[in-house]
Amino acid sequence: MMADTCSQMLLGSGLTVLSHPLMYIKVLVQVGHEPLPPSLGRNLFGRQVYQLPSFFAYAKHIVKIDGKAGLFKGLAPRLCAGTIGTLVHSRVLQNYQKADKTEESGNSQKEDLSSLQQVVKETAREMVARSCATVVTHPFHVITLRCMVQFIGRETKYSGVFESVVTIYREEGILGFFVGLIPRLLGDVISLWLCNMLAHLINTYALDNSMSHVAEIKNCSQAVTGFFASMLTYPFLLVSNLMAVNNCGLAGGLPPNAPVYPSWVDCWRSLSREGNMSRGNSLFFRKMPAGKMYAMDQKRFF
């Protein structure tokens with residue numbers, strides 16, 4: 001079990017490093033920072049439209065200013081979050097497995113569960129494990145986001161993990177480490193249940209076990225439902241990230257770059273009213289928002 005946990009940590013760390021530039025640019029787009037103006041291009045149907053810079057153009061802009069190392073701002077706290085999160089998640093599931101073994105040794109008859117009951121049981125346990133990992137690692141998530149958003153105002157307020165912890169505690173207290181936690185937890189829980197229940201329905205009622213390659217098809221259905229659930233719950237992730245950097249003393253979280261939100265519900269309502277609930281969801285085929293004007297001096301849309 002320990003070997004499995006270590007391999008998960010190593011694999012997770014590698015994927016985190018590889019995907020970090022993507023997350024970095026995604027966060028900057030989520031907070032509304034658009035350093036490059038729209039350009040005239042063509043969509044999939046050949047029609048001329050104004051398009052926003054893709055991931056590659058945005059990355060090239062960051063490299064031009066901060067060098068290639070600039071694409072990895074906030075990597076250290078994110079690696080800390082991934083490592084600690086994997087340990088917490090694994091430990092919670094191990095405790096459930098130990099409880100099952102103790103219960104089985106005490107009962108001679110094992111309770112038979114239906115397929116739906118088994119899915120509900122496993123999903124509930126996974127929900128607890130993920131939620132515990134999210135709560136424990138959220139302070140590192142907040143630090144990661146603030147390190148990234150410093151690009152907008154060229155600040156150096158959050159320069160290291162320890163220094164960032166001291167800064168947040170001094171300015172905001174303990175609660176400062178958990179801003180944006182509620183919408184993040186809600187998004188994770190809803191996404192998990194949607195994914196697992198939809199996959200169960202498809203695997204049970206839409207697939208025949210006598211079909212060839214049924215195992216591969218079931219894995220594919222799990223991936224598809226996971227993607228669908230993440231798309232539906234994306235607004236929770238967006239609101240969580242915005243609240244983590246809102247009114248924290250950085251230019252990217254203060255007017256005129258961003259309004260100050262009293263709560264995450266106000267942030268949700270504001271984004272919904274402005275039609276920005278999917279901002280940052282795509283980094284490759286980005287069309288200019290309808291009815292918006294690009295402000296060159298502030299590098300954002302109004």
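This is a predicted model: local features need pLDDT of at least 70, side-chain atom pairs count only at pLDDT 80 or more; totals for chains, interfaces and linings use all residues.
Colleague: Let's start with helix packing. How are α4 and α6 oriented to each other?

Modeller: Helix α4 covers residues 115–153 and helix α6 covers residues 181–206. Their axes lie 10 Å apart and the packing angle is about 155°. Angles over 145 degrees count as roughly antiparallel. So α4 and α6 are roughly antiparallel to each other.

Colleague: Which residue classes make up the contact of α4 with α6?

Modeller: The crossing of α4 past α6 is right-handed. By class, the contact of α4 with α6 has twelve nonpolar, eight polar and four charged residues.

Colleague: Which residues of α8 make the contact?

Modeller: On the α4 side, the contact uses His138, His141, Val142, Leu145, Arg146 and Val149. By class, the contact of α4 with α8 has five nonpolar, four polar and one charged residues. The α8 side supplies Ser240, Asn241, Ala244 and Val245.

Colleague: On to the rings. How many aromatic pairs are there, and what kind of pair do phenylalanine 55 and phenylalanine 284 make?

Modeller: The whole structure holds six aromatic pairs. In the pair of phenylalanine 55 and phenylalanine 284, the ring centres are 5.9 Å apart and the planes are at 50°. Planes under 30 degrees apart count as stacked, over 60 as edge-to-face and the rest as tilted. So the pair of phenylalanine 55 and phenylalanine 284 is tilted.

Colleague: How many residues apart are phenylalanine 55 and phenylalanine 284?

Modeller: Phenylalanine 55 belongs to helix α2 (residues 55–66), while phenylalanine 284 is in the loop between α9 (264–274) and β3 (294–295). Ring pairs also bring in Phe56, linking Phe55, Phe56 and Phe284 into a cluster. The pair links distant parts of the chain, and phenylalanine 55 and phenylalanine 284 are 229 residues apart.

Colleague: Is phenylalanine 55 buried or exposed?

Modeller: Buried means under 20% relative accessible area. Phenylalanine 284 has 41% relative accessibility, so it counts as partly exposed. Phenylalanine 55 has 14%, so it counts as buried.

Colleague: What about phenylalanine 236 and tryptophan 268: which helix holds tryptophan 268?

Modeller: The rings of phenylalanine 236 and tryptophan 268 have centres 4.9 Å apart and planes at 55°, so this pair is tilted. Phenylalanine 236 is buried at 14% relative accessibility, and tryptophan 268 is partly exposed at 27%. The two are 32 residues apart, with phenylalanine 236 in helix α8 (residues 234–245) and tryptophan 268 in helix α9.

Colleague: Arginine 279 next. Which glycine has its C-alpha 7.8 Å from that of arginine 279?

Modeller: Arginine 279 is in the loop between α9 and β3 and is partly exposed at 21% relative accessibility. Leaving aside neighbours within four places in sequence, its contacts include Val29, Gln30, Val31, Tyr234 and Leu271. The C-alpha in question is 247 residues away along the chain, and it belongs to glycine 32.

Colleague: What is phi at asparagine 247?

Modeller: Most residues other than glycine have a negative phi. Arginine 154, in the loop between α4 and α5 (161–172), has a positive phi of about 60°. Asparagine 247, in the loop between α8 and α9, is partly exposed with a relative accessible area of 46%. Its phi is also positive, near 55°.

Definitions and conventions:
Residues are numbered from 1 along each chain as its sequence is written. Side-chain values use heavy atoms; hydrogens and water are left out. Axes are lines fitted to C-alpha atoms, for helices over the stretch in contact, and angles run from 0 to 180 degrees between N-to-C directions. Helices (H or I, at least four residues) and strands (E, at least two) are DSSP runs, numbered from the N terminus. Angles under 35 degrees count as roughly parallel, over 145 as roughly antiparallel, 65 to 115 as roughly perpendicular and the rest as oblique. A crossing is left-handed if the near helix is turned anticlockwise from the far one by less than a right angle, and right-handed if clockwise. Ala, Val, Leu, Ile, Met, Phe, Trp, Tyr, Cys and Pro count as nonpolar, Asp, Glu, Lys and Arg as charged, and the others, Gly among them, as polar. Rings of Phe, Tyr and Trp (its six-membered ring) pair if their centres lie within 6.5 Å; planes under 30 degrees apart count as stacked, over 60 as edge-to-face and the rest as tilted. Buried means under 20% relative accessible area, exposed over 50%, partly exposed in between (1.4 Å probe, protein chains only). Contact means heavy atoms within 4.5 Å.
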